[in-house]
Amino acid sequence: MVGPAKKRYDHPVIESIFTSAKEALERADEIVFAGFSLSSGDEKIGELLRKAHEIAHTTRVTIIDPKASELASRFEAIYGTGVEYTLENDWLEYLRGPSY
């Protein structure tokens, strides 16, 4: 999910997308964030994630971003420490899976 560039959310289509996203997030056991930094400008999306997580039973969060380790604390502020975090630098690394 990507927020609009102007960060305007007061449109019926956007509101409908947010409602659908919240419902899906409330049912998610695992969430993968790719290239999403959850910056301070993403306040509305952060609020959506917090509200959904109050209901959800999410047990795993994966962050795919070259700066994943720097971003982890932003996601921990929402999902807490009771969630398993996987930090990946890029999609290929994620898709290859763990190397044993």
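Colleague: Why does leucine 38 count as buried?

Modeller: Buried means under 20% relative accessible area, exposed over 50%, and partly exposed in between, with a 1.4 Å probe and protein chains only. Leucine 38 has 9% relative accessibility, so it counts as buried. Before we go on: this is a predicted model, where local features need pLDDT of at least 70, side-chain atom pairs count only at pLDDT 80 or more, and totals for chains, interfaces and linings use all residues. Residues are numbered from 1 along each chain as its sequence is written, and side-chain values use heavy atoms, with hydrogens and water left out.

Colleague: Where is leucine 38, and what is its phi?

Modeller: Leucine 38 sits in the loop between strand 1 (30-34) and helix 2. Its phi is near 55 degrees, a positive value in a residue other than glycine. Most residues other than glycine have a negative phi.

Colleague: What makes a stretch a helix or a strand, and how many does the chain have?

Modeller: Both are DSSP runs, numbered from the N terminus: helices are H or I with at least four residues, strands are E with at least two. The chain comes to 4 helices and 3 strands, in the order α-β-α-β-α-β-α from the N terminus on.

Colleague: How do you know that the chain is as compact as a globular protein of that length?

Modeller: The radius of gyration is taken over C-alpha atoms, and the globule rule is 2.2 Å times the number of residues to the power 0.38. For 100 residues the rule gives 13 Å, and the chain has 14 Å, which is close, so the chain is as compact as a globular protein of that length.

Colleague: Is histidine 53 buried or exposed, and what does it touch?

Modeller: Histidine 53 belongs to helix 2 (residues 43-55). At 19% relative accessibility, histidine 53 counts as buried. Contact means heavy atoms within 4.5 Å; leaving aside residues up to four places away in sequence, histidine 53 touches Thr58, Ile78, Tyr79 and Val83.

Colleague: What makes proline 66 exposed?

Modeller: Its relative accessible area is 66%, so proline 66 is exposed. Proline 66 lies in the loop between strand 2 (60-64) and helix 3 (68-79). The C-alpha atoms of proline 66 and glycine 35 are separated by 8.1 Å, although the two are 31 residues apart along the chain.
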